[in-house]
Amino acid sequence: MDFYVRFGELVRRRRTEMGLSQEILAEMSGLSRGTILNLEAGKFAAQLKNALDVAKIIGINLEEIDKLRTEVLFETELGSYPPEIKGIMKDKTEGTDEASS
């Protein structure tokens, strides 16, 4: 799956978890609802700065974006993570869940 699509899904999921409509997020970020819609649809019509502004508002940090980029890179270039990397990523994810519990 394309990075922009995955990023859009992450934005949509975080926005809905926060109980924000696209209209409210658009107002908060100074963008149009159409830009938010395109961003969430993976069309990435928003410039990078706009995408990062939206991410910041809804609590998506650069580490999450980099992790997503790495996942997409492995999936598109290698078909999936090598087994040893899958284990490391799983351990990191489980550790994050435990820390937030």
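## The model and its confidence

This is a predicted model, in which local features need pLDDT of at least 70 and side-chain atom pairs count only at pLDDT 80 or more, while totals for chains, interfaces and linings use all residues. Residues are numbered from 1 along each chain as its sequence is written, and side-chain values use heavy atoms, leaving out hydrogens and water.

The pLDDT is the predictor's confidence in each residue, from 0 to 100. The protein chain averages 79, and 72% of its residues score at least 70. Helices here are DSSP runs (H or I, at least four residues), numbered from the N terminus.

## A cluster of rings

Let's meet the aromatic residues. Rings of Phe, Tyr and Trp (its six-membered ring) pair if their centres lie within 6.5 Å; planes under 30 degrees apart count as stacked, over 60 as edge-to-face and the rest as tilted. The whole structure holds two such pairs. Phe-3 and Tyr-4 are edge-to-face because their planes stand at 75 degrees, with ring centres 5.5 Å apart. Phe-3 and Phe-7 are stacked, since their planes are at 20 degrees, and their centres are 6.0 Å apart. Together, these ring pairs link Phe-3, Tyr-4 and Phe-7 into a cluster.

Phe-3 and Phe-7 both sit in helix α1 (residues 3-17), four residues apart, or about one turn of the helix.

## Buried or partly exposed

Buried means under 20% relative accessible area, exposed over 50%, and partly exposed in between (1.4 Å probe, protein chains only). Phe-3 is buried at 19%, whereas Tyr-4 is partly exposed at 37%.

How values were computed: Helices (H or I, at least four residues) and strands (E, at least two) are DSSP runs, numbered from the N terminus.
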